Structures are given as C-alpha cells and as structure tokens.
Amino acid sequence: MSDALPPEAGDAAGAPDAFALLVADVYEAAGALRRLGERTAATEGLTQARWQVLSAASEQPVTVPQAARRLGVTRQNVQRVANDLVEGGHAAFTGNPDHRGSPLLTLTPAGRTALERVTERAAARHRTLLETLPEADVTAARGLLRRLLAELDREERPAAGG
C-alpha cells in the first residue's frame with residue numbers, strides 16, 4: 001500500500017483523507033493487476049491490450065468503434081491492436097452488412113484458443129490470489145467500487161438541459 005500522498009490529500013489538520021487514500025490504493029491495485037495481466041497474457045503470446053480486444057469480440061463480431069466503447073479506450077488504439085491481432089492470425093476482419101466502411105472483427109480459431117487459455121490461466125491466478133481474502137470482503141469491496149463508479153458516471157454526464 002502506498003503512503004505517498006500529495007499535500008492536498010490531507011484535511012486542514014494534515015491528516016490523510018480516507019477517500020484520497022482509497023484512490024491511491026485503487027491506482028496501486030490497478031497497476032499491480034495490469035502487470036499481472038501482462039504476465040498472464042504473455043503466456044499465450046499476447047499483450048493485455050490484445051487479450052482485452054479478443055475478449056470484446058469473443059461473444060459476437062464487433063466493429064472497432066464498438067470494441068473501443070466497450071473497453072473505454074480510443075478507436076485508434078483498438079484499431080492498432082485489432083490490426084496486430086489480424087496480422088498475428090488471432091482475428092480477421094469480415095464484411096459488415098450494416099456498414100461497409102466499418103468491418104467486423106471476428107476471432108479466428110487460433111484467437112479463440114489463445115483467449116480461452118489465457119482466460120483459464122487468469123482464473124487460476126485469481127483463485128490463488130484470493131485464497132486468503134474472505135468472499136464477503138471481496139463482495140463488499142466490489143459493491144463499494146460499483147457505487148463509486150456510478151457516482152463518477154453521474155458526475156461525468158452533462159447536466160440535463162445544459
């Protein structure tokens with residue numbers, strides 16, 4: 001856990017603000033999980049970004065803009081990763097009957113196999129990682145994060161009529 005906080009993260013008396021500490025911990029956890037994801041993806045010759053794009057297209061073919069919206073990243077980033085997946089034989093672009101200029105990204109059998117393997121490896125790592133954490137604590141933490149995300153989403157939305 002990181003104790004380094006910017007000076008403004010404390011209250012008037014200098015005590016750490018609980019929310020600022022939570023934010024710092026979330027960022028630290030996200031970084032650690034991202035590094036774990038990179039190591040896990042690498043076992044199948046993927047990057048975490050490629051793993052995420054494969055996952056976004058796993059249930060049904062998607063356009064690059066659809067995958068970008070689902071992943072919360074830029075279309076250009078997904079386009080680059082999708083091109084890499086196609087070049088590596090993990091995905092293919094197919095015709096889109098709804099929009100000729102925006103092809104559908106589809107997993108190849110090799111892509112589906114790689115996705116299944118890396119997802120299975122991740123699930124095993126998660127089970128090992130969480131063996132020491134009570135399920136009730138994990139559920140409570142997820143509930144808090146979901147409520148925080150809902151508040152952040154509400155904050156980001158433009159005011160009605162504004």
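Here is a short tour, from the overall layout down to single residues.

## Ground rules

This is a predicted model, where local features need pLDDT of at least 70 and side-chain atom pairs count only at pLDDT 80 or more, while totals for chains, interfaces and linings use all residues. Residues are numbered from 1 along each chain as its sequence is written, and side-chain values use heavy atoms, with hydrogens and water left out.

## Overall layout

The protein chain has 6 helices and 2 strands, taken as DSSP runs numbered from the N terminus (helices H or I, at least four residues; strands E, at least two). Reading from the N terminus, the order is α-α-α-α-β-β-α-α.

Of the 162 residues, 23% count as buried, meaning under 20% relative accessible area with a 1.4 Å probe, protein chains only.

## α2 against α5

Helix α2 (residues 48-56) packs on helix α5 (residues 109-130) at an angle of about 110°, with the axes 10 Å apart. Axes here are lines fitted to C-alpha atoms, for helices over the stretch in contact, and angles run from 0 to 180 degrees between N-to-C directions. The two helices are therefore roughly perpendicular, a label for angles of 65 to 115 degrees.

On the α2 side, Trp-51, Leu-54 and Ser-55 meet Gly-111, Leu-115, Val-118, Thr-119 and Ala-122 of α5; contact means heavy atoms within 4.5 Å. By class, that contact has 5 nonpolar, 3 polar and no charged residues. Nonpolar covers Ala, Val, Leu, Ile, Met, Phe, Trp, Tyr, Cys and Pro, charged covers Asp, Glu, Lys and Arg, and the others, Gly among them, are polar.

## α2 against α4

α2 also packs with α4, at about 90° and with the axes 10 Å apart, which makes this pair roughly perpendicular as well. Ala-49, Arg-50, Val-53 and Leu-54 in α2 meet Val-78, Val-81, Asp-84 and Leu-85 in α4. This contact has 6 nonpolar, no polar and 2 charged residues.

Setting aside neighbours within four places in sequence, Leu-54 touches Leu-46, Leu-85, His-90, Leu-107, Gly-111 and Leu-115.

Note on methods
Parallel < 35°, antiparallel > 145°, perpendicular 65-115°, else oblique. Buried < 20%, exposed > 50% of the residue type's maximum accessible area, 1.4 Å probe, protein only.
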